[in-house]
Amino acid sequence: MYMLSLNLGYESSNLGHLLGVREFMYRFGYRTSAGTWVISTIDQQLLTIAGFIGLGSAAIATGILSDFLGRRKTILLGCLLCFGGIFLQFFARSIMMLFGGKILSGLGYGLGHSIGPVFVAEIAPVRFRGVCLAIINVTITLGQWCNALAIYFCQNLSSDLAWRIPVVTQILFPSVLLLIGIPFLPESPSWLVFNGKIDEAAKSLRVFNGGDYDTDRAIQILQTALEEAKQSEETKARWIETIRGSNRRRTLLSCMGFACQQLIGASFMAGYVSYFFVLAGVSNPFGMGQMVYSFELLGNMCSWPLIERVGRRRILLSGMIFMTTTLLITGCVSLIKGPAALKATVSLMTIWAFVYQMTAGAVVFAIAGETPSPRLRQKTFALNVTTANTLSTVVQLVLPYLINTDKANLGGKVAFVFFGPSVPCCIYLYFCLPEMKGRNVAEIEEMYQKNLPARKFEGYKCEVTKIESKYNKELEA
């Protein structure tokens, strides 16, 4: 289930890493008057836009395909599209071939990424739901690290294999999913209940939770949430319903989580950190990139025991405030020239990356999976991905102008650019982010239907719990 998220992390960071590979520059770049090889800013932007087209199209298509075909068949389609995109990039001899390959790959891993958090939110037990959703970000980070490792081991090859091998290596992820995962993956129980296939939903729940699992109770909770959705006229799950009534608030909160990731600098750290180290004159920039990714992975793993104990709100808000402060300090340090300032900048970026993965990187997936109405979850998450993809593309289109040596050449001062929007993000989260730790789907539905203020979510006693109490008493009798 997590394989296409691995593919997303790998492919999304590939361009930023390849920009530091000599043979890639020779194939697709040009030599400047200073004697250095670069990829033109226009070509960089073209390849960035390819990812935007693929991932953005997949986000919208997933909302339609998964409701019609089901989650499992949509994931299968994503694997097949990944194969086509990867091979087209591998055999590329021009920027336009890379452009086409990235669009196909974006469609493939985009389908998987758009449906993955929805699927996990639907099948994970309540007590493990936050951790299971946070693992999605672990797989994205691991994919980025795998890409950095592939680049690291191939960078000194004296042929096109220096960049072709890192491109084709990612075929491992959809292959594993297609050969090992798909044949044994049941359909989503929620999708089956919403489509009236109760017996099949019970079988699917037993596969995910064991033969002794109380499927009757789980199905009753899903049906209760569905009935509340019916009362809000959501049964047709139309796109317009995502911005009507209580769903407007839920959609905005889901999208703002991913927006905060991009506005605080996630795309820069994910895709351009090694290239930034190259431009900054760091010795062994790819080795330094490995260190940053190892800290990111460690940070994400640190979120696992915290997300169900501390809660989503406290982790995300405290992390955003810390990272905003770190950005300001990093920008100020970068105003100083010299080796000591460069080391301090690299250290601050590494700390920022660790905290990001422990807080915003992990928790946002839990929030995005839990917040939407069950009936609109896939469509809402499609809007989440579209928001993140749009902002990520804007950031990556602008970054070459900010950090390239023949452009603004800001260096570490680029931190000031991300510090500005991160401040209003912190303010929004403080007033609008509720705590949903430990709540089942019916409880979350009730609290949003009653339009509770964010500060009252944590201690609120839901009416729907009476249904469960009554059900338990009936079983005891």
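Let me start with a word we will need: buried means under 20% relative accessible area, while exposed means over 50% and partly exposed is in between, using a 1.4 Å probe and protein chains only. By that rule Thr-324 is buried, because its relative accessibility is 7%.

Before we go on, hello everyone, and a note on what is on the screen. This is a predicted model, where local features need pLDDT of at least 70 and side-chain atom pairs count only at pLDDT 80 or more, though totals for chains, interfaces and linings use all residues. Residues are numbered from 1 along each chain as its sequence is written, and side-chain values use heavy atoms, with hydrogens and water left out.

Back to Thr-324, then. You can find Thr-324 in helix 16, residues 312-334. When I say helix, I mean a DSSP run of H or I with at least four residues, numbered from the N terminus; strands are E runs of at least two. What does Thr-324 touch, not counting residues up to four places away in sequence? The list is Ile-264, Phe-419, Ser-422, Val-423 and Cys-426. Touching, or contact, means heavy atoms within 4.5 Å.

Ser-422 lies in helix 20, residues 414-432, and Ser-422 is buried, with a relative accessible area of 0%. Leaving aside neighbours within four places in sequence, Ser-422 is in contact with Ile-264, Met-320, Thr-324 and Leu-327. Now compare sequence and space: Ser-422 and Ile-321 are 101 residues apart along the sequence, yet their C-alpha atoms are 8.5 Å apart.

Next, the cores. A nonpolar core here is a set of buried Ala, Val, Leu, Ile, Met, Phe, Trp, Tyr and Cys residues joined through side-chain atoms within 4.5 Å. Which residues have the most contacts inside the largest nonpolar core? They are Phe-268, Leu-316 and Met-320, in a core of 83 residues. Helix 18, residues 360-370, gives the most to this core, with 8 residues. A second, separate core has 18 residues, including Met-25, Ile-39, Ile-95 and Ala-162.

Apart from residues up to four places away in sequence, Phe-268 touches Val-273, Phe-276, Met-349, Leu-399, Ile-403, Val-414 and Phe-418.

Helix 18 deserves a look of its own. How many of the 11 residues of helix 18 are buried? The count is 11 of the 11, so helix 18 is largely enclosed by the rest of the structure. Among those buried residues are Val-363, Phe-365, Ile-367 and Glu-370.

Now for a pair of helices. The axes of helix 6 (residues 126-154) and helix 15 (residues 285-307) come within 9 Å and cross at roughly 170°. Axes are lines fitted to C-alpha atoms, for helices over the stretch in contact, and the angles run from 0 to 180 degrees between N-to-C directions. Angles under 35 degrees count as roughly parallel, over 145 as roughly antiparallel, 65 to 115 as roughly perpendicular, and the rest as oblique. Helix 6 and helix 15 are therefore roughly antiparallel to each other.

On to charges. Side chains of opposite charge can pair when their charged atoms come close. We call it a salt bridge when a side-chain nitrogen of Lys or Arg is within 4 Å of a carboxyl oxygen of Asp or Glu. A search of the whole structure finds 10 of these salt bridges.

One of them joins the side chains of Lys-102 and Glu-11, at 2.6 Å from N to O. This pair links distant parts of the chain: Lys-102 is in helix 5 (residues 95-123) and Glu-11 in helix 1 (residues 3-18), 91 residues apart. Are these two buried or exposed? Lys-102 is buried at 8% relative accessible area, and Glu-11 is buried at 3%.

Arg-244 and Glu-241 form another salt bridge, with the closest N and O atoms 3.2 Å apart. Here Arg-244 is partly exposed at 42% relative accessibility, whereas Glu-241 is buried at 4%. There is also a network of salt bridges linking Arg-27, Asp-160 and Arg-164.

Last stop: Asn-451, in the loop between helix 21 (441-449) and helix 22 (465-476). Asn-451 is exposed, with a relative accessible area of 54%. Most residues other than glycine have a negative phi. Asn-451 has a positive one, near 55°.
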